[in-house]
Amino acid sequence: MAEDQNKAPRVINKSGTLKMDDKIAASKQVRDISGKKMDRRNRRDRVKAETGPKEFDEITIAIDRVSRTVAGGRRMRFKALVAIGNHKNKVGIGVAKGNDVTTAVNKATAKAKKTMITFNMDGETICHETRTKITGADVLMKPAAPGTGIIAGGTVRSIMGLTGVKNLISKSLGSTNKVNIAYAVMEGLKAQVPRKDWVRGEGKAEVKAAPAKKAEVKKPEAKKPAAKKAPAKKAAKKEAK
């Protein structure tokens with residue numbers, strides 16, 4: 001039997017060493033620097049990191065190819081527009097350029113995380129109507145009743161899909177540039193004021209202060225022109241007659 005085992009073909013690895021049998025590998029003990037036996041179950045590379053749910057979701061709205069004319073010709077790059085949100089009241093957008101699509105998207109995502117905003121909501125819709133203008137973009141957003149859904153174009157729909165807004169009516173009245181529309185939507189969300197902070201005149205007596213009286217300034221009386229005196233010669237002639 002020993003001769004048969006010696007005659008069995010040996011498997012050699014690419015490095016030139018003999019391949020270890022499964023039985024030998026199972027019986028081999030791994031020891032640390034001090035010589036103590038190390039349990040393989042506690043090895044750091046075997047422990048998988050806990051992957052929990054993401055706090056923010058991201059979506060790539062647009063990727064455009066841009067060029068720049070330099071001395072040697074045109075330099076082609078990519079521009080990415082990315083939006084992130086937590087499906088509640090936090091959202092952010094980022095625009096960045098890169099030599100390839102992956103680099104541009106990563107840069108835009110990092111910018112979006114830095115420029116996140118927290119806006120006010122009224123249930124599952126916005127607090128009030130807003131109309132914002134950014135350069136050529138003009139976006140109108142109105143609150144809607146429950147069950148309406150998001151009635152909006154591609155860019156507005158993509159951003160609102162990352163928030164907790166479920167009912168919205170929107171209309172783009174200006175430019176179709178996606179970047180400008182995205183910035184206009186962000187400004188509209190920033191301008192949301194909660195209902196409790198609205199200014200109301202009901203049940204409150206508005207007291208207006210009486211305007212201060214201006215000090216009366218007496219105008220100087222106009223001086224009457226003095227009577228002209230007759231020349232002395234003419235007066236003497238009248239007396240002689």
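A nonpolar core is a set of buried Ala, Val, Leu, Ile, Met, Phe, Trp, Tyr and Cys residues joined through side-chain atoms within 4.5 Å; buried means under 20% relative accessible area, with a 1.4 Å probe and protein chains only. The model is predicted, so local features need pLDDT of at least 70, side-chain atom pairs count only at pLDDT 80 or more, and totals for chains, interfaces and linings use all residues. Residues are numbered from 1 along each chain as its sequence is written, and side-chain values use heavy atoms, leaving out hydrogens and water.

Select Met141, Ile159, Met160, Val185 and Leu189 to begin: these have the most contacts inside the largest nonpolar core, which has 28 residues. Helix α5 gives seven residues, the largest share of this core. Helices (H or I, at least four residues) and strands (E, at least two) are DSSP runs, numbered from the N terminus.

Next, centre on Met160. Beyond its neighbours within four places in sequence, Met160 is in contact (heavy atoms within 4.5 Å) with Met141, Ile150, Val165, Leu168, Val185 and Leu189. A second, separate core of eight residues can then be found by selecting Ala80, Ile84, Ala96 and Ala112, which are among its members.

Now select the open sheet, whose four strands run in the order β1-β2-β3-β4 with antiparallel pairing; two strands pair if DSSP finds at least two bridges between them. At its edges lie β1 (57-70) and β4 (117-118), each pairing on one side only. Between β1 and β2 (residues 73-85) there are 13 bridges; select Arg65 to find its bridge partner in β2, Phe78.

Technical notes:
Buried means under 20% relative accessible area, exposed over 50%, partly exposed in between (1.4 Å probe, protein chains only).
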